[in-house]
Amino acid sequence: ERVHLIDMDDGTYAGTYMCRWAGDLSFNVYLAGTAVADSPYRFLVRPGPTLAQNCECTLVKMPMSRLVAIAGTACSFTIFAKDKFGNQRDEGGDEFTVKCRGPMSIVQAFITDNKDGTYLVEFMCTQEGEYFIDVKRERIDIMQSPFLLTVDPAPTDAYSCIATGVDTEFGNGLKSSQAGREVIFNIQ
């Protein structure tokens with residue numbers, strides 16, 4: 001990072017700098033090519049305030065990938081809060097909103113603050129179709145929001161199916177028939 005020094009005209013200097021990267025850093029101070037006492041200085045740089053446009057979530061996979069869920073199956077994803085430099089936040093407290101819009105109007109989503117800069121979102125779509133998932137912080141979309149989610153139909157449950165015979169002149173498809181004659185039955 002760039003350091004700006006100001007000569008205070010009293011034998012001292014004031015220095016300023018701004019870190020863009022969070023983490024454990026060290027700072028070396030030299031005078032005429034020689035390190036001053038206690039240099040390098042080690043310190044922790046914490047992430048800055050959350051910026052919605054830099055937040056990400058696990059719905060973002062490879063470009064052009066198809067996000068798919070199964071109707072009636074619980075779905076979840078994680079939001080990663082990030083600052084304006086893309087540093088992952090290390091504490092909670094942000095307020096995100098999630099709306100799932102689709103064939104069954106709006107699906108309720110539940111958000112859990114993990115208190116570490118991540119947020120678990122859980123929801124369930126019970127009807128097949130295309131859903132738009134809007135993820136916002138302070139009414140601003142996070143990166144790549146809204147997301148398109150395709151909800152495929154749930155597999156057919158045999159115990160929920162009913163077979164019924166159709167009465168014809170040759171018999172009922174599940175109760176009687178005549179040799180050499182086709183009979184009909186339906187499955188729902």
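This is a predicted model: local features need pLDDT of at least 70, side-chain atom pairs count only at pLDDT 80 or more; totals for chains, interfaces and linings use all residues.
Good morning. I begin with Phe 43, which is partly exposed, with a relative accessible area of 24%.

A search of the whole structure finds four aromatic pairs. In one of them, the ring centres of Tyr 17 and Phe 43 are 6.3 Å apart and the planes stand at 50°, so the pair is classed as tilted. This pair links distant parts of the chain: Tyr 17 is in the loop between β2 (13-16) and β3 (23-27), Phe 43 is in strand β6 (residues 41-45), and 26 residues separate them. Tyr 17 counts as partly exposed, at 37% relative accessibility. Together with Phe 27, the residues Tyr 17 and Phe 43 form one aromatic cluster.

With Val 3, Leu 5 and Tyr 13, Tyr 17 makes a nonpolar surface patch of about 440 Å². Val 3 sits in the segment before β1 (4-7) and is partly exposed, at 38% relative accessibility.

As for Phe 43, its relative accessible area of 24% makes it partly exposed. The rings of Phe 77 and Phe 123 have centres 6.2 Å apart and planes at 70°, so this pair is edge-to-face. Phe 77 belongs to strand β9 (residues 74-80) and Phe 123 to strand β13 (residues 118-124), so the contact ties together parts that lie 46 residues apart in sequence.

Let me now turn to the overall form. The protein has zero helices and 19 strands. Its radius of gyration is 31 Å, well over the 16 Å that the globule rule gives for 188 residues, so the protein is more spread out than a compact globule. Along the principal axes, the C-alpha trace spans about 115 × 30 × 25 Å. Of the 188 residues, 24% are buried.

On confidence, the average pLDDT of the protein is 90, and 96% of the residues score at least 70. Among the elements, strand β12 (residues 110-113) has the highest mean pLDDT, 97, while strand β11 (residues 105-107) has the lowest, 82.

Next, the charged contacts. Side chains of opposite charge can pair when their charged atoms come close. How many salt bridges does the structure hold? The structure holds eight salt bridges. One of them is between Glu 91 and Arg 46, whose closest N and O atoms are 3.3 Å apart. Glu 91 is in the loop between β9 and β10 (96-102) and Arg 46 in the loop between β6 and β7 (56-57), so parts that are 45 residues apart in sequence are tied together. Both partners are partly exposed: Glu 91 has a relative accessible area of 35%, and Arg 46 has one of 43%.

Lys 82 and Glu 56 also meet in a salt bridge, at 3.2 Å from N to O. Here again distant parts of the chain are linked, with Lys 82 in the loop between β9 and β10 and Glu 56 in strand β7, 26 residues apart. Lys 82 counts as buried at 16% relative accessibility, whereas Glu 56 is partly exposed at 30%.

A further salt bridge connects Arg 101 and Asp 134, with the closest N and O atoms 2.7 Å apart. Arg 101 lies in strand β10 and Asp 134 in strand β14 (residues 129-137), so the pair ties together parts 33 residues apart in sequence. Arg 101 is partly exposed, at 36%, but Asp 134 is buried, at 10%. Elsewhere, salt bridges that share partners join Arg 46, Arg 89, Asp 90 and Glu 91 into one network.

Finally, the backbone. Most residues other than glycine have a negative phi, and most peptide bonds are trans. In the loop between β5 and β6 lies Asp 38, which has a positive phi of about 70° although it is not a glycine. Asp 38 is exposed, at 65% relative accessibility. The peptide bond from Ser 39 to Pro 40 is cis, with omega near 5°, and Pro 40 is in the loop between β5 (34-35) and β6.

The other loop runs between β15 and β16, and Gln 144 is found there. Gln 144 has a positive phi of about 65° without being a glycine, and is exposed with a relative accessible area of 51%. The peptide bond from Ser 145 to Pro 146 is cis, with omega near 5°; Pro 146 is placed in the loop between β15 (140-141) and β16 (147-152). Thank you.

Conventions. Residues are numbered from 1 along each chain as its sequence is written. Side-chain values use heavy atoms; hydrogens and water are left out. Patches are made of residues with over 30% relative accessible area and no salt bridge: like charges are joined within 9 Å, nonpolar side chains (Val, Leu, Ile, Met, Phe, Trp, Tyr) within 5 Å. Accessible areas come from the Shrake-Rupley method with a 1.4 Å probe; for residues, only the protein chains shown count as cover. A salt bridge is a side-chain nitrogen of Lys or Arg within 4 Å of a carboxyl oxygen of Asp or Glu. Helices (H or I, at least four residues) and strands (E, at least two) are DSSP runs, numbered from the N terminus. Buried means under 20% relative accessible area, exposed over 50%, partly exposed in between (1.4 Å probe, protein chains only). pLDDT is the predictor's confidence in each residue, from 0 to 100. Rings of Phe, Tyr and Trp (its six-membered ring) pair if their centres lie within 6.5 Å; planes under 30 degrees apart count as stacked, over 60 as edge-to-face and the rest as tilted. The radius of gyration is taken over C-alpha atoms; the globule rule is 2.2 Å times the number of residues to the power 0.38.
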